[in-house]
Amino acid sequence: MSIAARCGSCRRELPLVQLVQPGQGFRCLFCGFAFAPGYATVAPGVGARILATHTALVTALAALASMTGGRLRLDQATVVDPVANALPEATTTATATATATAKEAGLARRKRAHWWARGAGAQPAQQPRPAG
Ligand SMILES: [Zn+2]
């Protein structure tokens, strides 16, 4: 499982997995653009954590789905939306089409302030969702 990224300077695409080596300084492999100035020593570890947890989440979801069949259906939006909303805008790649629906849903709700932007100490209760 891979996560693609795009350089904010030269616009070329590169896999996140190629940025997780601590010695490389979390820079673009093509143009040398620093992706996390001031955080070059910790950003590779964060990137590695994203890759590991992404794989762990997808693997766990598939495992649970195979155990439960149609007897339990997780609300896809509540799984995908927090991930989509944590990404900055304009991250569209060819592999992002699978999450397009979730991103559109996120765009529709962007007018609301995010819970973390309101200075709240805790995440608010889940909003009721329409069926379907
Ligand atoms: Zn670049």
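Among contacts in the protein chain between residues at least 6 apart in sequence, 38% link residues at least 24 apart; a contact here means two C-beta atoms, placed from the backbone, within 7 Å. All of this comes from a predicted model, where local features need pLDDT of at least 70, side-chain atom pairs count only at pLDDT 80 or more, and totals for chains, interfaces and linings use all residues. Numbering starts from 1 along each chain as its sequence is written.

As for the layout, the protein chain has three helices and two strands, running β-β-α-α-α along the sequence. These are DSSP runs numbered from the N terminus: H or I over at least four residues for helices, E over at least two for strands.

How far can you trust it? The pLDDT, which is the predictor's confidence in each residue from 0 to 100, averages 80 over the protein chain, with 67% of the residues scoring at least 70. Helix 1 (residues 43-68) has the highest confidence, at 97, while helix 3 (residues 100-108) has the lowest, at a mean of 49. Residues 94-99 have pLDDT below 50, and that stretch makes four contacts beyond near neighbours in sequence. Residues 108-123 also stay under 50, with four contacts beyond four places in sequence. Where pLDDT is low, the predicted coordinates should not be read in detail.

Now for helix 1. Its 26 residues reach 37 Å from first C-alpha to last, close to the 38 Å expected at 1.5 Å a residue; that expected span is 1.5 Å times one less than the number of residues.

On burial, a residue is buried if 20 or more other C-beta atoms lie within 10 Å of its own, exposed if 12 or fewer, and partly exposed in between. Buried residues make up 5% of the 132 residues in the protein chain, and helix 1 has Ala43, Pro44 and Gly47 as its buried ones. Leucine 61 sits in helix 1 too, and its C-alpha is 9.6 Å from that of valine 79, 18 residues away along the chain.

| Residue | C-beta neighbours inside 10 Å | Class |
|---|---|---|
| Arginine 11 | 10 neighbours | exposed |
| Leucine 61 | 13 neighbours | partly exposed |
| Phenylalanine 26 | 21 neighbours | buried |

Most residues other than glycine have a negative phi. Arginine 11, in the loop between strand 1 (4-6) and strand 2 (13-15), has a positive phi near 70°. Phenylalanine 26, in the loop between strand 2 and helix 1, has a positive phi near 55°.
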